[in-house]
Amino acid sequence: MHRRTSISLVALATLFLSPCATQAQTLMPDSQAVQQMRLDVYTLADDSMQGRETGTVGEQMASRYIVDRYKAIGLAPKGDSTSYLNAFHFAALPRTGPGNTLKIGRHTLKFGDDFYPLGYSANANVLTRVARCKYGILAPELDRNDFDGVEVKDHAAAMSISSPDGIHPHSKWIAHNDLRSRIDDAIKLGANAILFYNDDPEMANDPPRDLGMKLQPSSVPVVFLTKSGFAKLGLSGDPVAISTDIIREQKTGHNVVGYLGNGKPYTVVIGAHYDHLGFGGEGSLHRGEPAVHNGADDNASGVAVMLQLAADLQHMPDAKNNNYLFIAFSGEEKGLYGSNWWTKHPTLPIDSLNYMINMDMVGRLDSTNNLAINSIGTSPSWPGITKLKVGDLNIKTTEGGIGPSDHTSFYLQGVPAIHFFTGSEADYHKPTDDADKVNYPGMLRVARYIEAVITTLNDSTKLAFTKTASSDSTETPRFTVTLGVVPDYMYDGKGLRIDGVTEGRTAAEAGLKSGDIVIKMGDLDIPDMMGYMKALGMFRKGDTTQVTVLRDGKEMTAEVHFK
Ligand SMILES: [Zn+2]
């Protein structure tokens, strides 16, 4: 590997002293560039694009617009085979369908008011009878069996979501706090449906109504009875007719990939996600009726700057020592799906990538002139480029390679990757993130800065990659302990698949690796990401536990020590 030292003084001097005359003549005039970016943002952030949610018509319309722009600029297709589009598949968040019904005894329970299905539920129609089994806890090690003496086989197991001493980290029944273990035990005993209720609201919280977390469904209907529904539960032996209807769909998203070849060995990836939140839902900070989330800053702005760079780089003689790949990512808002997919199924060899530049939210440059460059710890070359003086931008930096946008996927594959960002604002992830609030001349200043970065790094050597040690920002701070891993949000099999481990943190020290699938922490099974988060909530700093992972299909155990 070529190792680049710091940026040469000659390169810096060139940048300061001679804004290349021939280059200035062939680039489009500033006023025209600003006008074009304004048009791109207004088009992508128009209500007709319906918030560009991945897997929807709005995403398709936006991708068509970007394809047309790539063609107009003269980029070659570099998606799937001869297409600009690069498809990926994902499991949409489950949602309730119209067919959820429940009768117990002579009561017809009302969907929503009296009961709702849980993410653990299969879709099925079952005629059965109530079997009341307390908390549904089967714990021979603690000499407790709530199923003892109850006819569970071919019955609907009715159980409280609490435990004999409530739900909290020091519960004696902690291994059974998770509903999954109780569901599994009841099914093993032959239950054909599960009815949960909360008879202890002081000590336990009702399970969430939305099916937002991707849970692995079990083999039987699983519903929760609200307070009013619980009042209608009746006795063991009462007849039950239950129908559950949860819509679980596979959907397809599309990255849009265009190539500017210069016949050189290495390629620079320039990326920006074009998807947004649609009409709201998960990720939205809007409360109230669904409304189109236009995502002008987040991230039509990044796409517009990317398109400007694509146009400019064809006319910049001192940027010809690399090829350029432009990727408009989709699925970013759902969890970096598009960049996750592309970096694992790249349309150019990963080891031919020189570095990656990500632009996410670059439309709100304000009077402070602050421009953030995140993840500069990913190559020893980055700190030098942050000293470039272009206009009067104040550069602010962070080190860590893992952040909340697509550069993270490249970092995890060993590609130096940085993220440009002009700051978050009050309209973030709200329907008010509109095109009239974007600073278009400011976007041109960001584009010019990035062009200076690209010309400064314009030689045939490849940037050195470094892993960063600093803390990652993807694990939510409400946990007192973390493993220091990046979960694979696209993975929807059993367990939690690790996509990256943070150096120097708990998982790395225990020898866990990316690709490992966590299936157990201590005594707690990890069926999915929800189970993982619950399990983490049970540990405290200083605790030591065994973590079981699947590595290449084989189970192995590692001792982790939470610091
Ligand atoms: Zn966003």
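Tutor: Keep in mind that this is a predicted model. Take helix α14, residues 529-536, which is mostly covered, with 6 of its 8 residues buried.

Student: Which residues of α14 are buried?
Tutor: The buried ones in α14 are M529, M530, G531, Y532, A535 and L536.

Student: And what covers the buried residues of α14?
Tutor: The cover includes one helix, α5 (179-188). Strands β22 (485-487), β23 (496-501), β24 (517-521) and β25 (524-525) are also among what covers them.

Student: Let's zoom out. How many helices and strands does the protein chain have?
Tutor: There are 14 helices and 27 strands in the protein chain.

Student: What box do the C-alpha atoms fill?
Tutor: Along the principal axes, the box is roughly 90 × 50 × 45 Å.

Student: What share of the residues counts as buried?
Tutor: 49% of the 563 residues do. As for contacts between residues at least 6 apart in sequence, 79% of them join residues at least 24 apart.

Student: OK, domains. What does the domain assignment give?
Tutor: The assignment gives domain 1 as 9-82 + 250-456, domain 2 as 95-247 and domain 3 as 485-561.

Student: How far apart do the C-alpha centres of domain 2 and domain 3 lie?
Tutor: Those two centres lie 27 Å apart. Domain 2 puts 10 residues into the contact, and domain 3 puts in 12 residues.

Student: How do the residues on the side of domain 2 that touches domain 3 divide?
Tutor: That side of domain 2 has 5 nonpolar, 2 polar and 3 charged residues.

Student: Switching to the inside: which residues touch the most other members of the largest nonpolar core?
Tutor: That core has 147 residues, and A156, I194, V305 and M306 touch the most other members. Helix α7 gives the most to this core, with 11 residues.

Student: What does M306 touch, leaving out residues up to four places away in sequence?
Tutor: With those left out, M306 touches I270, A272, F326, A328 and M359.

Student: I also clicked on G302. Where does G302 lie?
Tutor: G302 lies in helix α7. Around G302 there are 33 other C-beta atoms within 10 Å, so G302 is buried. Not counting residues up to four places away in sequence, G302 touches A272, H273, M359, D360, M361 and V362. G302 and G423 are 121 residues apart in sequence, with 13 Å between their C-alpha atoms.

Student: What is phi of Q50?
Tutor: Phi of Q50 is near 55°, a positive value, and Q50 isn't a glycine. Q50 is found in the loop between α3 (30-44) and α4 (57-73). Q50 has 19 C-beta neighbours inside 10 Å, so this residue counts as partly exposed.

Student: And S375, where is that found?
Tutor: S375 is found in the loop between β19 (370-374) and α10 (382-385). Phi of S375 is about 70°, a positive value in a residue that is not a glycine.

Student: Why is S375 buried?
Tutor: Because S375 has 27 other C-beta atoms within 10 Å, and 20 or more is the cut-off for buried.

Student: What about A452, where does that lie?
Tutor: A452 lies in helix α12, residues 440-456. A452 has 19 C-beta neighbours inside 10 Å, so it counts as partly exposed. A452 and D318 are 134 residues apart in sequence and 10.0 Å apart in space, C-alpha to C-alpha.

Student: Last one: what is the mean pLDDT of the protein chain?
Tutor: The mean is 89, and 93% of the residues reach 70 or more.

Student: Where does pLDDT stay under 50?
Tutor: One stretch is residues 1-25, for which the model has 27 contacts beyond four places in sequence. Another is residues 471-478, with 13 such contacts. Where pLDDT is low, the predicted coordinates should not be read in detail.

Conventions:
Residues are numbered from 1 along each chain as its sequence is written. This is a predicted model: local features need pLDDT of at least 70, side-chain atom pairs count only at pLDDT 80 or more; totals for chains, interfaces and linings use all residues. Helices (H or I, at least four residues) and strands (E, at least two) are DSSP runs, numbered from the N terminus. A residue is buried if 20 or more other C-beta atoms lie within 10 Å of its own, exposed if 12 or fewer, and partly exposed in between; C-beta atoms are placed from the backbone. Two residues are in contact if their C-beta atoms, placed from the backbone, lie within 7 Å. Domain bounds come from an automatic or database domain assignment. Ala, Val, Leu, Ile, Met, Phe, Trp, Tyr, Cys and Pro count as nonpolar, Asp, Glu, Lys and Arg as charged, and the others, Gly among them, as polar. A nonpolar core is a set of buried Ala, Val, Leu, Ile, Met, Phe, Trp, Tyr and Cys residues joined through C-beta atoms within 7 Å. pLDDT is the predictor's confidence in each residue, from 0 to 100.
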